[in-house]
Amino acid sequence: MMQLQRANNVADLRTQARRKLPHPIFEYLEGGADDEVSLSRNSAAFRELELLPDVLVDVSSVRTETTIFGQPCRWPLMLSPTGLTRMFHGHAELAVARAAARHGLPYCLSTMGTTRLEELGQAGSGPKLFQIYIFKDRGLTAEFVARCKDAGYHGLVLTVDTPVAGNRERDRASGLSLPPRLTLSSLLSFALHPSWSLQALTGSKFDLANVSHRVDALAAGPMSLFDYIGGQFDRAVTWRDLEWLAAEWNGPLAIKGVMTPADAEQSINCGATGVILSNHGGRQLDGAPAPADQISAVRARIGDGPDVICDGGVRRGSDVVKALALGATACSIGRPYIYGLAAGGEAGVDRVLSLLFEEFERTMTLAGVPDIAALGQRHVRRRS
Ligand SMILES: Cc1cc2nc3c(=O)[nH]c(=O)nc-3n(C[C@H](O)[C@H](O)[C@H](O)COP(=O)(O)O)c2cc1C
């Protein structure tokens, strides 16, 4: 607890997470594809933006409430889906969902999560989203839709940037395997992180809880993540499949991994209610633009109605202010909440969400904008 309170920002929590996690696990969290160009640009794009404040405005209170996926939220932030969350802390997705609910923020469970969606549906009272893939076996996707309806999920997120797994060389260099297991080369790192290793050995079974009943191959023993993804993911998914999914679900649906105005428009035309501008945290197509750089053009093309979420590179509350000024509905974070989770479980996620909210509110106050609805293009400028 004391340790968490000493963290002043996301970067401090990252340092704490790095100390807690065995090297291959931290590398899995941090890594991007190929040369990690997109990964580094995601955050750099925010640093290239300047905020132009209004002065002599009454900012004695700041209105931050909004809606995402039609659900009321305390401020414009959501928590992105991350697979294999149990690798970072034994309390896994449940800890994240409970903290998100306390902060009035939506949390999106990954298909590749380690907690059953039904169990998560009962954790906390916050808006719940499920990240779905269109698998080769459309029956599995349809089964997820039915399960999400039964469990009371508020929205679906269809990830479309993973026809194959990105080339994450850090995972190969560190010898990551699924589930994590002791290898000769990782032994020292696991031994140096006894609290993590103890939790991994004694905690609940490491399982892709939502797909393992269908994935017979996993039962055959540890296999590499790359083999697993390669076998299940469908490279032949097209817009027709999106239309099918939208009709099947018939509720709030965002497409995650959209990058261009044309694809954002087509997403909406095919039945999505929003888009998540994302390059998967730089983990898939290296060379893809930073989501923050695509906001204005996408918003201009699809108008005010649909949700436009900026996902990737957010490390400060001020980044969210910038994204909103450019036209985003909200931002989404992945690694930052995992840093908190790894550093201190549910309390660690609480800490990161509190820090980001304080930064967001303070930035709004300093920028002289008392209501997020009043943020606009005139508040932000790209450094020339
Ligand atoms: C460890 C990890 C696992 C992830 N797993 C998934 C996943 O299962 N599905 C998905 O759509 N995106 C996944 N992502 C991508 C995130 O949803 C999100 O797009 C990304 O983390 C945003 O960038 P940020 O980490 O800079 O915030 C994962 C990201 C990380 C870091």
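Q: Which residues of α5 and α17 meet each other?
A: On the α5 side they are Ala95, Val96, Arg98, Ala99 and Arg102, and in α17 they are Tyr337, Leu341, Gly345, Glu346, Val349, Asp350 and Leu353. Keep in mind that this is a predicted model.

Q: What about α2 and α17, at what angle do they pack?
A: About 165°, with the axes of α2 (residues 10-20) and α17 (residues 335-366) 10 Å apart. That makes α2 roughly antiparallel to α17, since the cut-off for that is over 145 degrees.

Q: Which residues make that contact?
A: From α2 you get Val10, Leu13, Arg14, Gln16, Ala17 and Lys20. From α17 the list is Pro336, Tyr339, Gly340, Ala342, Ala343, Gly348, Arg351, Val352 and Leu355. By class, the contact of α2 with α17 has 9 nonpolar, 3 polar and 3 charged residues.

Q: Left-handed or right-handed, that one?
A: The crossing of α2 and α17 is right-handed.

Q: Switching to the ligand. Which residues come nearest?
A: Ser80, Gly83, Gly281, Gly334 and Arg335 do, out of 23 residues around the ligand.

Q: How many of that shell are nonpolar, polar and charged?
A: The shell around the ligand has 6 nonpolar, 13 polar and 4 charged residues.

Q: Is His280 buried or exposed, and why?
A: Buried, because His280 has 22 C-beta neighbours inside 10 Å and the cut-off is 20 or more.

Q: And Glu36, what does its phi look like?
A: Glu36 has a positive phi too, about 60°, and Glu36 is not a glycine either. You'll find Glu36 in the loop between α3 (23-30) and α4 (37-47). With 17 C-beta neighbours inside 10 Å, Glu36 counts as partly exposed.

Q: While we're at α4, which of its residues are buried?
A: Ser38, Leu39, Arg41, Asn42, Ala45 and Phe46.

Q: What covers them?
A: The cover over the buried residues of α4 includes β1 (49-51) and α16 (317-326).

Q: Last pair: how do α14 and α15 pack?
A: At an angle of about 40°, with the axes of α14 (residues 261-269) and α15 8 Å apart. That makes α14 oblique to α15. The crossing of α14 past α15 is right-handed.

Q: Who's touching whom there?
A: Pro261, Ala264, Glu265 and Ile268 of α14 make the contact with Ala297, Val298, Arg301 and Ile302 of α15. By class, the contact of α14 with α15 has 6 nonpolar, no polar and 2 charged residues.

Terms used
Residues are numbered from 1 along each chain as its sequence is written. This is a predicted model: local features need pLDDT of at least 70, side-chain atom pairs count only at pLDDT 80 or more; totals for chains, interfaces and linings use all residues. A residue is near a molecule or strand if its C-beta atom, placed from the backbone, lies within 6 Å of it. Ala, Val, Leu, Ile, Met, Phe, Trp, Tyr, Cys and Pro count as nonpolar, Asp, Glu, Lys and Arg as charged, and the others, Gly among them, as polar. Axes are lines fitted to C-alpha atoms, for helices over the stretch in contact, and angles run from 0 to 180 degrees between N-to-C directions. Helices (H or I, at least four residues) and strands (E, at least two) are DSSP runs, numbered from the N terminus. Angles under 35 degrees count as roughly parallel, over 145 as roughly antiparallel, 65 to 115 as roughly perpendicular and the rest as oblique. A crossing is left-handed if the near helix is turned anticlockwise from the far one by less than a right angle, and right-handed if clockwise. Two residues are in contact if their C-beta atoms, placed from the backbone, lie within 7 Å. A residue is buried if 20 or more other C-beta atoms lie within 10 Å of its own, exposed if 12 or fewer, and partly exposed in between; C-beta atoms are placed from the backbone.
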